[in-house]
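These are my notebook entries on one structure. I list what I looked up, entry by entry.

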Amino acid sequence: MLAFKSFQQELDARHDKYERLVKLSRDITVESKRTIFLLHRITSAPDMEEILTESESKLDGVRQKILQVAQELSGEDMHQFHRAVTTGLQEYVEAVTFQHFIKTRSLISMDDINKQLVFTTEDTGKENKTPSPDAPDKQCGTWRLKITPVDYLLGVADLTGELMRMCINSVGNGDIATPFEVSQFLRQVYDGFSFIGNTGPYEVSKKLYTLKQSLAKVENACYALKVRGSEIPKHMLADVFSVKTEMLDQEEGIS
């Protein structure tokens, strides 16, 4: 009975930790989505730097949530709790890569993302939330959380959908250059995913189809801009783009 009592306490503690991680992952997902929505305003905002500064502030808040995840997982095998936090981490990767693309027109590496997720005791004071009672008490030291390659790849795959939406917004505002920059970038991302093919995890191969759709829509828009851009007024470019996208969706539905 004593042995089973200890097993019960251990399982209850593990289940409670899992539920706390699920809640933190949900908060990370929500805040990351809000950051992405904010970054989409950059195509029509007069002050680009102001939105980038605000987005960085929001991402700092997300990292405080990730710090709590790192504290919960301190001393634990991350793979046992990975399913609880993977959704939030993918959304965070999507937000960070989207912000980095807007700044530099390039893709941030997984190592650079992980460097941002190393926390010291000074970082714990930024948010007055204490870790769980069963988390180790660290008066000095560091906490770190590593984004797994699968989470990184899935986040980058979701990024392509946001870039496609940014194209729509850019064309609607008369920005002709951005769709061609995004198209070139998406081709490089698609080539990289094509090398993985069916050898990678199932989730990655499933995202490949969505990535191909986003690339096709952007390339279709670039084709319309290149061929008919000079004869279409800027305020009507968004309508042409949406019609082309609907036609492409109908063709995919028939096939």
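**Entry 1: a charge over a ring**

I began with K226, which lies over the face of F180, at 5.8 Å from the ring centre. I count a charge as sitting over a ring if NZ of Lys or CZ of Arg is within 6 Å of the ring centre and within 35 degrees of the ring normal.

**Entry 2: ground rules**

The model is predicted, so local features need pLDDT of at least 70 and side-chain atom pairs count only at pLDDT 80 or more, while totals for chains, interfaces and linings use all residues. Residues are numbered from 1 along each chain as its sequence is written, and side-chain values use heavy atoms, with hydrogens and water left out.

**Entry 3: the annotated site**

I looked up the UniProt record, an unreviewed entry, which lists E94 and E162 under "binding site". The two are spread over 69 residues of sequence but cluster in space, with a largest C-alpha distance of 8.6 Å. UniProt positions are in the numbering used here, feature names are shortened, and annotations may be inferred rather than shown by experiment.

I placed E94 in helix 3 (residues 78-104) and E162 in helix 5 (residues 149-172). Helices (H or I, at least four residues) and strands (E, at least two) are DSSP runs, numbered from the N terminus.

Are E94 and E162 buried or exposed? E94 is buried, with a relative accessible area of 4%. E162 is also buried, at 12%. Buried means under 20% relative accessible area, exposed over 50%, and partly exposed in between (1.4 Å probe, protein chains only).

I then listed contacts, meaning heavy atoms within 4.5 Å. Leaving aside neighbours within four places in sequence, E94 is in contact with I36, G155, D158, L159 and E162. With residues up to four places away again not counted, E162 touches I36, H40, E94 and F98.

Which side chain makes a polar contact with the side chain of E162? The partner is H40, at 2.7 Å. A polar contact is a pair of N or O atoms within 3.5 Å; within protein, one must be able to donate a hydrogen and the other to accept it, and residues adjacent in sequence count only if both atoms are side-chain atoms.

**Entry 4: T148**

I found T148 in the loop between strand 2 (142-144) and helix 5. T148 counts as buried, at 15% relative accessibility. Apart from neighbours within four places in sequence, T148 is in contact with H82 and M110.

**Entry 5: helix 2 and its cap**

Helix 2 (residues 48-72) has 25 residues. From first C-alpha to last, helix 2 reaches 36 Å, close to the 36 Å expected at 1.5 Å a residue. The expected span is 1.5 Å times one less than the number of residues. D47 caps the N-terminal end of helix 2, with a side-chain oxygen 3.3 Å from the backbone nitrogen of E49.

**Entry 6: aromatic pairs**

How many aromatic pairs does the structure hold? I noted two. F4 and F7 form an edge-to-face pair, 5.8 Å centre to centre with 80° between the planes. Rings of Phe, Tyr and Trp (its six-membered ring) pair if their centres lie within 6.5 Å; planes under 30 degrees apart count as stacked, over 60 as edge-to-face and the rest as tilted.

F4 and F7 are separated by about one helical turn, because they are three residues apart in helix 1 (residues 2-40). F4 is exposed, at 62% relative accessible area, whereas F7 is partly exposed, at 45%.

F101 and F185 form a tilted pair, 4.7 Å centre to centre with 50° between the planes. This pair links distant parts of the chain: F101 is in helix 3 and F185 in helix 6 (residues 177-196), 84 residues apart. Both F101 and F185 are buried.

**Entry 7: helix 6**

The 20 residues of helix 6 should span 28 Å at 1.5 Å a residue, and the end C-alpha atoms are 30 Å apart, which agrees. The buried residues of helix 6 are T178, P179, V182, S183, F185, L186, V189 and F193. I checked what they pack against: helix 3, helix 5 and helix 7. G197 follows helix 6 and has a positive phi, near 60°.

**Entry 8: two single residues**

R105 is in the loop between helix 3 and helix 4 (110-115). Its phi is near 60°, a positive value in a residue other than glycine. R105 counts as partly exposed, at 33% relative accessibility.

L225 lies in helix 7 (residues 202-228) and is buried, at 9% relative accessible area. L225 and V171 are 54 residues apart in sequence and 9.1 Å apart in space, C-alpha to C-alpha.
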